[in-house]
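Here is a friendly walk through one protein model, written to be read with the structure open beside you. Take a moment to turn the model around before reading on.

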Amino acid sequence: VHEANWQKLDGMDDTMRKAALENESEEWTHVFFWKHVVERFVSGYLDKVVKICNRNVTIAPQMVVSHYVQFGFSCDEHVDFEEFVLFMETVPKLEGHFAPQTPLCNIQ
């Protein structure tokens, strides 16, 4: 039985973090988990769009939806799921929460 020895990156010094991320040591195994693309999109929509738009607050720069304002996003027009999907089809550059995950680990 394998026993996991989890170590978080933020608990490592710079040298150890670099070795782990660049796989310079045989001690490290890299694991990548990703969500189903539709599940991830719906989750992002509910958390990053609906939750923000329902608060009726000004879209601040640190909010995910602020990236999409430059492409015409507005809560009034795009909080509806169908409208949001149609809008996202026109966006030339997706922000990390909605961008494909496969480039993170060189999977095509």
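Which residue just after helix 2 takes a positive phi? That residue is Asn56, with a phi of about 55°. Do keep in mind that this is a predicted model. Most residues other than glycine have a negative phi, and Asn56 has its positive value although it is not a glycine. You will find Asn56 in the loop between helix 2 and helix 3. Its relative accessibility is 70%, so Asn56 counts as exposed.

**The overall fold**

Now step back to the whole chain. Of its 108 residues, 26% are buried. The accessible surface comes to about 8500 Å², and carbon and sulfur atoms hold 53% of that area. Among contacts with a separation of 6 or more, 47% are between residues 24 or more positions apart.

**Helix 2**

Helix 2 covers residues 37-54. How far apart are the end C-alpha atoms of helix 2? They are 24 Å apart, which agrees with the 26 Å that its 18 residues should span at 1.5 Å a residue. The helix also has a kink of about 30°, centred on Leu46.

Several residues of helix 2 are buried: Arg40, Gly44, Tyr45, Val49, Val50, Ile52 and Cys53. An α-helix has 3.6 residues a turn, so residues three or four places apart point the same way. The buried residues of helix 2 pack against helix 4 and helix 5.

In soluble globular proteins, nonpolar side chains tend to be buried together. Here the largest nonpolar core holds 17 residues, and those touching the most other members are Val49, Tyr68, Phe73, Phe84, Phe87, Met88 and Phe98. Helix 2 and helix 5 (81-88) each supply at least two residues of this core. Helix 2 gives the most, with five residues.

| Residue | Residues touched |
|---|---|
| Phe87 | Tyr68, Phe71, Gly72, Phe73 and His78 |
| Val65 | Lys48, Val49, Ile52, Ile59 and Phe73 |

Val65 lies in the loop between helix 2 and helix 3 (66-69). Is Val65 buried or exposed? Its relative accessible area is 1%, and therefore Val65 is buried. Val65 and Tyr45 are 20 residues apart in sequence, with 9.6 Å between their C-alpha atoms.

**The disulfide**

How many disulfides does the structure hold? There is one, and it joins Cys53 to Cys75 with an S to S distance of 2.1 Å. This pair links distant parts of the chain, with Cys53 in helix 2 and Cys75 in helix 4, 22 residues apart. The link of Cys53 and Cys75 is left-handed, with -75° about the S-S bond. Both Cys53 and Cys75 are buried.

To bring this back to helix 2: Cys53, one of its buried residues, is joined to Cys75, while Asn56, just after the helix, is exposed.

Terms used
Residues are numbered from 1 along each chain as its sequence is written. This is a predicted model: local features need pLDDT of at least 70, side-chain atom pairs count only at pLDDT 80 or more; totals for chains, interfaces and linings use all residues. Side-chain values use heavy atoms; hydrogens and water are left out. A nonpolar core is a set of buried Ala, Val, Leu, Ile, Met, Phe, Trp, Tyr and Cys residues joined through side-chain atoms within 4.5 Å. Buried means under 20% relative accessible area, exposed over 50%, partly exposed in between (1.4 Å probe, protein chains only). Helices (H or I, at least four residues) and strands (E, at least two) are DSSP runs, numbered from the N terminus. Contact means heavy atoms within 4.5 Å. Accessible areas come from the Shrake-Rupley method with a 1.4 Å probe; for residues, only the protein chains shown count as cover. The expected span of a helix is 1.5 Å times one less than its number of residues. The bend at a residue is the angle between axes fitted to the seven residues ending there and the seven starting there. A disulfide is a pair of cysteine sulfur atoms within 2.5 Å.
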